[in-house]
Amino acid sequence: MKHPWSPQHFRGEARKAGRPEGVIEAAVSAASAIKRTHPDLPVIFTLHHLAHLAEVSADDLQQVAFRKLDAYRVFRVKKRGVAGMIPAPPRRYRTICVPQPFLMQVQRWIAQNILNLIEPHPASFAFTPGRDLVGAAARHLGSRWLVKMDVRHFFESISEPQVYRVFRSLGYGALLSFQMARICTRLPSRLASLGRGKAGLPYRRHEPGHLPQGAPTSPMLANLTMDTLDRRLTTLAQSEGWTYTRYADDLAFSRTDGASRPTAMRLAKRVAHQLDLVGLTHHREKTSVVPPGARKVLLGVLVDGDRPRLTRAFRNNVETHLFALTSESIGPSAHRQKRGFASTIGMRRHIEGLIAFAHQVNPSYAAKLYVRLNTVDWSR
C-alpha cells in the first residue's frame, strides 16, 4: 500500500494549525528520513499517530508498550510431523500467542503497511509474496550433496532489540521504534504472568521480549532480522561452492559437483558458528548431510530430479485418509477415533492442510484429491 506524503502540504497545514516553525521542520526531517528508506512507507511520528492510523486506542497501545498488559491468549499445539518419517519423532508442542483484537488490528496494520513493503534477502523464501516452499526446494534440484540444518526456538530467539533495529533502519524515530518493537514482541511467559509491582508494572520489566509465534508481524520481522545472517551465509556458501536457502528456520546448502563428508561437516560447523554470532542455536539432532546416491528430501519434497516432487510416503498418507473417509465400512467418525484426532473438524482441517501442501508441489494431483475430499459425508 502506498502512503504519499508532501512536505509542502504538511508545512502549509501545520502553519494553519499554528504549530511552531521548529516543530514543523523537525517533523519534516523525521518524515524525510522514513521516505528516503522507501517512498511508500507511511510517515508516523508518535505512538498516538500510529493508533490513529490503525484505528485503535492509544491508551491500549501504551499499556502494551509499557508492559502493563500481556494482551495475548496463549496455548500449545502439537507440532506437525513429516509423513512417513521413520522412526516417528517424539511428540512435541509449539506455543502459540494470539493477540487481543486491538493488538491484532495494529499488528496487521504494521505488517501490511510497513513490513510487507520491505523485500527480504533473496535467500529467504518463507512469509514473502512470490516466494514459497517449492521455490526454495527448486534451488537445490539436481544436487549431489545436501546439508540441512534447523534453528531451535526460531521466533523466541529473535529479541526485542533486534526488532527495534528493524524499525530504526526504516527511518522511524528512536522512541517510536522502541514502542513498535514492544507492540510486536512479548515478554517470556515466565515474566508475562508475574504479579505487578507498586507502580503497576511487572517485576523485571527491563528484560527484553521476543517475537511471539502467532502475531501477524512475527513472520516478516523474523525475515528482516535475519538479513545479516542471510548475507553472511550466502557469502560463506558461495565461497565454498554451495547454494544456500532459508525457509523460516530451515537452512539448506547444496552443491552439484564433488565434495566429501568432511567438507560438508566443516560447512555445518561454520554455519553453526554464524548462528551463534547472531544469538541463534542450531538444532544438532536435525542437522543432516545427504551424500550422492541417497534420497534427497527437503522441506518435505523430493529434490533429486528435475522438479520438486511429493514423496511416496506423503501420497500414501493422504490417499489412506481419503480412502477411509469415503469408505462405506469406515467413514469419518471411525477414522477419527482410529487416528486419534480430538475432533472431526480438527481431522478435516489436517487433511485439507495436507492437500493444500500437495497443491503447492503438484496442482493437478491435488485437484484429484480435492474431488475425492468433496465426496466425503462428514456427518457419518
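## Aromatic pairs

At 25% relative accessibility, W5 counts as partly exposed (buried is under 20% relative accessible area, exposed over 50%, partly exposed in between; 1.4 Å probe, protein chains only). F10 has 22% relative accessibility, so F10 is partly exposed too. The model is predicted: local features need pLDDT of at least 70, side-chain atom pairs count only at pLDDT 80 or more, and totals for chains, interfaces and linings use all residues. Residues are numbered from 1 along each chain as its sequence is written, and side-chain values use heavy atoms, with hydrogens and water left out.

The structure holds 6 aromatic pairs (rings of Phe, Tyr and Trp, the last by its six-membered ring, with centres within 6.5 Å; planes under 30 degrees apart are stacked, over 60 edge-to-face, the rest tilted). W5 and F10 form a tilted pair, 5.5 Å centre to centre with 40° between the planes. Y244 and F253 are stacked, because their planes meet at 25° and their ring centres lie 5.0 Å apart. Both Y244 and F253 are buried. W5, F10 and F45 make up one aromatic cluster.

## Helix α16

Helix α16 spans residues 363–373 (helices are DSSP runs of H or I, at least four residues; strands are runs of E, at least two; both are numbered from the N terminus). Its buried residues are Y365, A366, L369 and L373.

The face turned away from the buried side carries exposed S364, K368 and V371. The cover over the buried residues of α16 includes β10 (309–310), α13 (312–326) and α15 (344–361), with contact meaning heavy atoms within 4.5 Å.
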